[in-house]
Amino acid sequence: MENSNNNNEIKVTPNDEEFEQVKLNTWQSIKQFLKELFDIRADTDRDATIDAVKKDISFKGHTAWILIFSIFVASIGLNVSSTAVVIGAMLISPLMGPIVGIGLSVAINDVETLRRSLINLGVMVFLSVLTAFLYFKLSPLTEETPELIARTYPTILDVLIAIFGGLGLIVAKTKSGTIASVIFGVAIATALMPPLCTVGYGLAIGNASYAGGALYLFSINAVFIALSTFIVSKILRFPLVRYANSKRRKRISQIASLIAIAVMVPSVWLFIKLLDQQVFENRAKEFVNKTVKYDGAEVVKFTQDYKTKDIDVYFIGRPVPQSKINEWLTELENTDKLETARLRIYQGTDQSGEMAARLSGEIKAGILEDLYVKNEQIIQNKDERIRFLEDQITMLKVKSIPFDEVSKELKINYENVETFSYSNKITTDFKKTDTLPVINIRWKKNVPARQRQAELKKIEAWIKFKMKLDTLDVSEYR
């Protein structure tokens with residue numbers, strides 16, 4: 001084929017045509033591959049999915065007892081801070097069914113299924129909280145464990161886990177031949193049960209903030225799992241429930257749409273709020289770690305409050321001059337997401353007002369506790385070394401006795417003594433080792449027993465005084 005323009009000729013050879021055809025085929029192959037890779041509509045069984053979701057909504061008989069027992073197991077796991085036990089309880093919990101039912105029923109305009117899902121979810125939540133409340137009320141163990149504290153307030157990560165976990169759950173349920181391992185994994189990741197147990201714990205110990213925070217976390221997980229179910233159901237075009245009365249169908253559709261909006265709008269707002277809070281806390285930590293530094297001063301603690309935008313930093317050591325603090329304040333104003341934050345510096349040299357109270361309170365207690373725990377073994381080793389050195393000093397004192405001088409004086413003062421010997425006797429009660437000086441006297445023949453006893457007492461008193469000993473064992477050879 002030839003194309004002429006202004007006497008310029010462009011010739012397309014057969015090789016060029018083949019190359020263009022190869023490029024086109026390659027692009028089509030890639031498109032086909034990606035379509036088959038991510039397309040879930042072809043392998044979706046809509047009718048079976050709807051039936052399975054409706055079947056899991058029911059809550060009575062065996063399901064009720066399974067829920068009660070799983071709540072007990074989860075409560076025990078939280079009580080002893082055992083992650084493995086909590087995971088096991090989540091695997092047998094039936095809480096997921098009604099939540100998925102809510103999302104699906106809104107998507108397909110099924111009011112009857114929505115009503116059943118809401119009622120069953122309410123009963124499940126009430127029974128779960130009641131069971132956990134009774135356990136923690138009767139249990140002698142009421143200590144705040146890390147597993148319990150971790151469920152008292154949601155973070156942006158909890159929202160993300162609920163979103164992607166819910167998406168994974170409904171996609172697994174819609175596949176022909178449900179993937180059970182995915183459902184179990186979502187049950188563990190989204191953690192619906194531990195927050196409800198923590199609500200019961202908060203009510204049992206009278207801590208409303210724990211109960212409210214845990215209920216907040218459960219609500220987030222439930223809402224985003226239901227929202228994920230709604231979105232996937234709409235994407236896969238699940239068939240809407242048809243009603244004989246056109247007015248009723250239209251009214252039901254409006255109600256379902258309002259419910260969907262009522263769930264989605266607060267969810268988006270909540271997501272943005274938690275994301276903003278997480279960003280603020282991360283930026284505050286990064287600012288303190290990288291910027292708030294001064295030679296000779298050490299940061300012992302810092303806190304950040306998203307609501308008040310306060311960043312409190314506590315120093316000990318060399319006082320930080322105001323000029324340096326002003327530099328930090330200027331840099332804080334130029335830091336993204338921290339423009340409105342307030343940096344408050346507390347120094348150990350300030351012994352007035354709030355700083356003195358806090359430093360002498362929780363901060364000082366925390367520092368002392370940390371030092372005690374870390375150095376307890378060192379202290380014990382030092383005590384053992386001190387006892388050992390004391391024993392060595394005692395032995396050195398004994399070894400330094402002027403034996404020749406003492407023996408000559410003894411011979412002059414007590415002429416009936418035939419031999420005089422000295423030795424060290426080491427004794428222990430397995431807690432402490434003592435070294436005891438021992439003196440042995442051999443008398444000449446025909447010395448009366450009464451005279452020997454009297455002179456032994458005199459010799460013991462004289463040697464103690466002479467050698468400056470606290471203890472001494474004086475005996476005679478038999």
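Biologist: Before we look at the sheet, what does it take for two strands to pair?

Modeller: Happy to start there! Two strands pair if DSSP finds at least two bridges between them. In this predicted model, strand S7 (residues 433-443) and S8 meet that rule, pairing in the parallel sense. The number of bridges between S7 and S8 is four.

Biologist: Which residue in S8 is the bridge partner of Val438?

Modeller: Let's zoom in on S8, whose residues are 473-476. The bridge partner of Val438 there is Asp473.

Biologist: Which strands stand at the edges of this sheet?

Modeller: The sheet is open, with its three strands in the order S6-S7-S8 and mixed pairing. An edge strand has a single partner strand, so one side of it is left without a neighbour in the sheet. That describes strand S6 (417-428) and strand S8 (473-476).

Biologist: At what angle to S6 does helix H15 run?

Modeller: Helix H15 covers residues 403-413 and lies across S6 and S7. Its direction relative to S6 is about 135°.

Biologist: Now the nonpolar residues. Which members of the largest nonpolar core touch the most other members?

Modeller: This core has 51 residues. As general background, nonpolar side chains tend to be buried together in soluble globular proteins. The two members that touch the most others here are Leu67 and Met193.

Biologist: How many residues are in the other core, the one with Trp328?

Modeller: That core lies apart from the largest one. Among its members are Tyr306, Val320, Trp328 and Leu343. Its count of residues is 18.

Biologist: Are the rings of Phe315 and Trp328 stacked or edge-to-face?

Modeller: A pair of aromatic rings is described by the distance of the centres and the angle of the planes. For Phe315 and Trp328, the centres are 5.8 Å apart and the planes are at 15°. Planes under 30 degrees apart count as stacked. The pair is therefore stacked.

Biologist: How far apart in sequence are the parts that Phe315 and Trp328 tie together?

Modeller: Phe315 lies in strand S4 (residues 310-317), while Trp328 lies in helix H13 (residues 322-333). Both residues are buried. Their pair ties together parts that are apart in sequence by 13 residues.

Biologist: Which residue lies over the face of Phe280?

Modeller: Here we look for a charge over a ring, and the one at Phe280 sits 4.8 Å from the ring centre. The residue is Lys309.

Note on methods. Residues are numbered from 1 along each chain as its sequence is written. This is a predicted model: local features need pLDDT of at least 70, side-chain atom pairs count only at pLDDT 80 or more; totals for chains, interfaces and linings use all residues. Side-chain values use heavy atoms; hydrogens and water are left out. A nonpolar core is a set of buried Ala, Val, Leu, Ile, Met, Phe, Trp, Tyr and Cys residues joined through side-chain atoms within 4.5 Å. Buried means under 20% relative accessible area, exposed over 50%, partly exposed in between (1.4 Å probe, protein chains only). Helices (H or I, at least four residues) and strands (E, at least two) are DSSP runs, numbered from the N terminus. Contact means heavy atoms within 4.5 Å. Axes are lines fitted to C-alpha atoms, for helices over the stretch in contact, and angles run from 0 to 180 degrees between N-to-C directions. Rings of Phe, Tyr and Trp (its six-membered ring) pair if their centres lie within 6.5 Å; planes under 30 degrees apart count as stacked, over 60 as edge-to-face and the rest as tilted. A charge sits over a ring if NZ of Lys or CZ of Arg is within 6 Å of the ring centre and within 35 degrees of the ring normal.
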